Amino acid sequence: MFRTPASLYRVLAIAELFSWTLLIAGLIIRAVGGPAVAVTIGGGIHGFVFLSYGATAILVALNNRWHLGVALLAVGSAIVPYATLPMEMWLRRTGRLDGHWRLEETADPRDRRPIDRLLRWFLRHAGILVALIVVAVVALYVVLLIVGPPGGR
C-alpha cells in the first residue's frame, strides 16, 4: 500500500484533515450545549493523528532529503487546520514527493552518511521501523495526555 513516500504522506495528510474535522465538530457540539466528551474524543483522535503525521513527515523528509525548512514547514502544516493537504499538493507539484524509498546505496556521496545508512537499514526492516514509530507516537501521546490538554482543563 505504501510503496512510495508520496503514498504514505498523502494518507496521513488526509487523515489529519479528518482529525481536524472531528476536533472542530467536538468543539461545536460542546459550544451548543452538547457533552464535553465530544471534545475529548475528537481531541484524542486528532492528537494521535497529529503525532503520526509529524512522524511521517520526518520520515519522508529524511528519505527524500528535504531541506530543514521544508521539513519544518511540512510538520508545522499540521498546526493549521486543513493545511496538510495543500502542503502535500505543493510538495507533489514541486517534485519533493517524487521517487521511491531509498533501500539501496547509490553513488550519491550523501548515501554514506550515518543517518542515510541507518534510514536504509530501517526501511529494509520496515516492521521494526513501524513498530518503533508506533511505540514513539504512543509514548509521546501518553506523556501529552498526562501533561493535559493545551490551555489547561
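**Entry 1: Arg 65**

I started with Arg 65, which touches Val 60, Arg 102, Asp 108, Arg 110, Asp 111, Arg 113 and Asp 116 once residues up to four places away in sequence are left out. Contact here means heavy atoms within 4.5 Å. Before going on, I noted that this is a predicted model, that local features need pLDDT of at least 70, that side-chain atom pairs count only at pLDDT 80 or more, and that totals for chains, interfaces and linings use all residues. Residues are numbered from 1 along each chain as its sequence is written, and side-chain values use heavy atoms, with hydrogens and water left out.

Where does Arg 65 sit? I found Arg 65 in the loop between α2 and α3 (68-76). Helices (H or I, at least four residues) and strands (E, at least two) are DSSP runs, numbered from the N terminus. The side chain of Arg 65 makes a polar contact with the side chain of Asp 116, at 3.4 Å. That term means a pair of N or O atoms within 3.5 Å; within protein, one must be able to donate a hydrogen and the other to accept it, and residues adjacent in sequence count only if both atoms are side-chain atoms.

I also checked the backbone: phi of Arg 65 is near 55°, a positive value in a residue other than glycine. Most residues other than glycine have a negative phi.

**Entry 2: Tyr 82 and Thr 84**

Tyr 82 also has a positive phi, about 65°, although it is not a glycine. I located Tyr 82 in the loop between α3 and α4. Its relative accessible area is 36%, so Tyr 82 is partly exposed. For the cut-offs, buried means under 20% relative accessible area, exposed over 50%, and partly exposed in between (1.4 Å probe, protein chains only).

Is Thr 84 buried or exposed? Thr 84 counts as buried because its relative accessibility is 1%. Thr 84 belongs to helix α4 (residues 84-93). A polar atom of the Thr 84 side chain lies 2.8 Å from the backbone oxygen of Ala 13. Leaving aside neighbours within four places in sequence, I listed Ala 13, Glu 16, Leu 17, Tyr 53, Ser 77 and Ala 78 as the contacts of Thr 84.

**Entry 3: Ile 29**

Ile 29 is in helix α1. With 36% relative accessibility, Ile 29 counts as partly exposed. Not counting residues up to four places away in sequence, Ile 29 touches Gly 34, Pro 35 and Ala 38. I also looked at Val 39, ten residues from Ile 29 along the chain: their C-alpha atoms are separated by 8.0 Å.

**Entry 4: Pockets**

Next I went through the pockets. On a 1 Å grid over the protein atoms alone, a pocket is an open set of points where a 1.4 Å probe fits, with protein on both sides within 12 Å along at least five of seven lines; lining residues have an atom within 4 Å of a point.

The largest pocket has a volume of about 780 Å³, where volume is the space filled by probe spheres set on the grid points, joined across faces, edges and corners. I counted 23 lining residues, with Gly 43, Gly 44, Gly 148, Pro 149 and Pro 150 nearest the centre. Which helix gives the most to this lining? That is α2, with eight residues. The lining divides into 14 nonpolar, seven polar and two charged residues.

Of its 17 lining residues, Leu 8, Leu 59, Leu 129, Val 130 and Ile 133 are the closest to its centre. Two or more residues each come from α1, α2, α5 (114-124) and α6, and α6 has the largest share, six residues. This second lining divides into 15 nonpolar, two polar and no charged residues.

**Entry 5: Whole chain**

Last, I noted the overall picture. The chain has six helices and zero strands. Its C-alpha atoms fill a box of roughly 60 × 30 × 30 Å, taken along the principal axes. Of the 153 residues, 35% count as buried.

Key. Nonpolar A, V, L, I, M, F, W, Y, C, P; charged D, E, K, R; others polar.
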